[in-house]
Amino acid sequence: MRRYVLVRTLSILPTLIGVSVAVFLMIRLIPGTIVEQMIGTEGTYSEQSMRALRAFFGLDQPIHVQYGRWLGQVLRGDLGTSWRTGLPVLQMITSRLQVTLELTLGAMLVALAVGIPLGIVSARRENTRLDHTVRVVSLFSLSIPVFWQATMLILATSLWLDWAPAVDFVSPFTSLRANLAIIALPSLALGTAVAAVFMRMTRSTLLEVMRQDYIRTARAKGLREPAVVWGHALKNSLIPLITVVGVQVGYLLGGVVVTEEVFTLPGVGRLILWAVFQRDYPLVQGTILFVSLLFMLSNLLVDLVYAYVDPRIRYG
Amino acid sequence: MAEALRPLLRNRLVLFGTALILLVVLLAAFADLVAPYDPTEMKVADALKRPSAPHPFGTDRFGRDVLSRTIHGSRIALGVALSSIAIAFAAGTVLGLVGGYTGGWPDLVIGRVMDVLFSFPTLILAIGIAAMLGPGLNNAALAIAVVYAPLFSRVARGPVIAEREKDHVVAAQGLGAGWPRVVFRHILPNVLAPLIVQASVSLAFAILIEASLSYLGLGTQPPDPSWGTMLNEGRTYLETAPWMSIFPGLAIMVAVFGFNLLGDGLRDILDPQLRGR
């Protein structure tokens, strides 16, 4: 296992370097240089001051030198400084990270709590009316845009419950109750589509496991059906779900951008948007790199958990 | 082929999904005839009118007819989805086929680049690319294409590796066929099924991503009536004119649900192992 952990962990390094190159180039490929973007059309600038600005941003250097310098900074934990606020990018991210992590975790919990039981029920009642209904509803849930569902939830709660999303975020360490009141609805909106994915995955893997020989043996030795399902089938059928959880973290980390925007939550997702519209390139670069790193680490964790629960992977 | 598609016609959900898609396609094709008003025509005197006989979906803040804008929005949704997935399909499939068939360093390079693209959360990558290219319809389509190309590449590569060892491929090679002929004439037709399923499901997601980008202000720009842009415009008027938000959202759901139903049915039929799952 130790060897697998080491090999799998090291294997993300080339991808990480690739991601850093992609993020670095993403900003450099924008038509016109950053300097022209900054100057815009307001006022005239001499060639000399343009050159000075280019030198200030290091744009007068060859591209590989620029990348090397930037990567060196990143490896030292320095994601640069925001042009608009003058604050370190990493500080801006970490001050908003709690909201994003809480929202992602909340949505994941909603998805697991709804998706897995529905998947089990659907598989146990295969090809019944209940099964068909659950399957169609899950496909329907996959078809609802997160931001629209969020908007409709706000509309419904304001019409029927006379409730509006709080303006200011409250940390769970300040008041858990107030925090849950803020985070519950966004988690529900964001988690719905993922719940549908989990439902479908649980159903199909459980059905597959239920057709295997060892289940037939369990039945043949006289075990009752609930014991067969809960004691024998479910554990094995949930293993492939671990990988799907990893993939869905990516969906959730993207979904937080729109969810935070609709519910005006001060998270990293909204920070990315703000940076994009402010053309604050160091901030765009830093936030996208940070979120991608989170995604890669969650995938790494998922693979390690998978190898832990399924020995065939680490000895394969 | 007709024989293979027969189960599709027996599946009521697939038929329903196809009907929804046809509805959206017809609305898009005949938007000018079907829409009662010009989607960009402003009548400020009629601003924020609730749904009524002359305006079944109400009007927006400029007095524009929400029904007409929703109908015309189907053009943008379908246009962006089809063009982006067509590019992703073509580029991703070619990369997957070439990588899988040749193996060696081209496969390694393509695989690594795809790994990098897979390492970004989908919507974040689309936002990053759309921001890089600048807001707009074509750029949103290109952003979605870049996001989805790796998926097609991965779906194509797997079966190619299995297919290249088969007798009919070895025979074609033995007869002196060059690699493009072997790949596109002898291998591609046999790996097409999973790609078609992927395309159908991806179309659904492409509509959702275009709507998300437009909602965030990075896709279609006003006054063009994209469903996402309309929802963005409706945000400020949620309490006073909720119809501005309700109907474009329903339209997105209908279109995406149609493609999801079709994709699900196709997967059942083209991949018999999954039938009924």
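Author: What follows sets computed values against their definitions.
This is a predicted model, in which local features need pLDDT of at least 70 and side-chain atom pairs count only at pLDDT 80 or more, while totals for chains, interfaces and linings use all residues. Residues are numbered from 1 along each chain as its sequence is written, and chains are lettered from A in the order in which they are written.

Reader: Why is α5(B) called oblique to α7(B)?

Author: The axes, which are lines fitted to C-alpha atoms over the stretch in contact, with angles from 0 to 180 degrees between N-to-C directions, come within 9 Å and cross at roughly 135°. Angles under 35 degrees count as roughly parallel, over 145 as roughly antiparallel, 65 to 115 as roughly perpendicular and the rest as oblique, and therefore α5(B) is oblique to α7(B).

Reader: What makes B:D32 buried or exposed?

Author: A residue is buried if 20 or more other C-beta atoms, placed from the backbone, lie within 10 Å of its own, exposed if 12 or fewer, and partly exposed in between. B:D32 has 12 other C-beta atoms within 10 Å and is therefore exposed; this residue is found in helix α3 of chain B, residues 31–34.

Reader: How many residues of chain B are in contact with chain A, and which element gives the most?

Author: Contact requires C-beta atoms, placed from the backbone, within 7 Å, and 35 residues of chain B are in contact with 43 residues of chain A. On the side of chain B that touches chain A, α11(B) gives the most, with nine residues.

Definitions and conventions:
Contact = placed C-beta atoms within 7 Å. Helix = DSSP H or I, 4+ residues; strand = E, 2+ residues; numbered from the N terminus.
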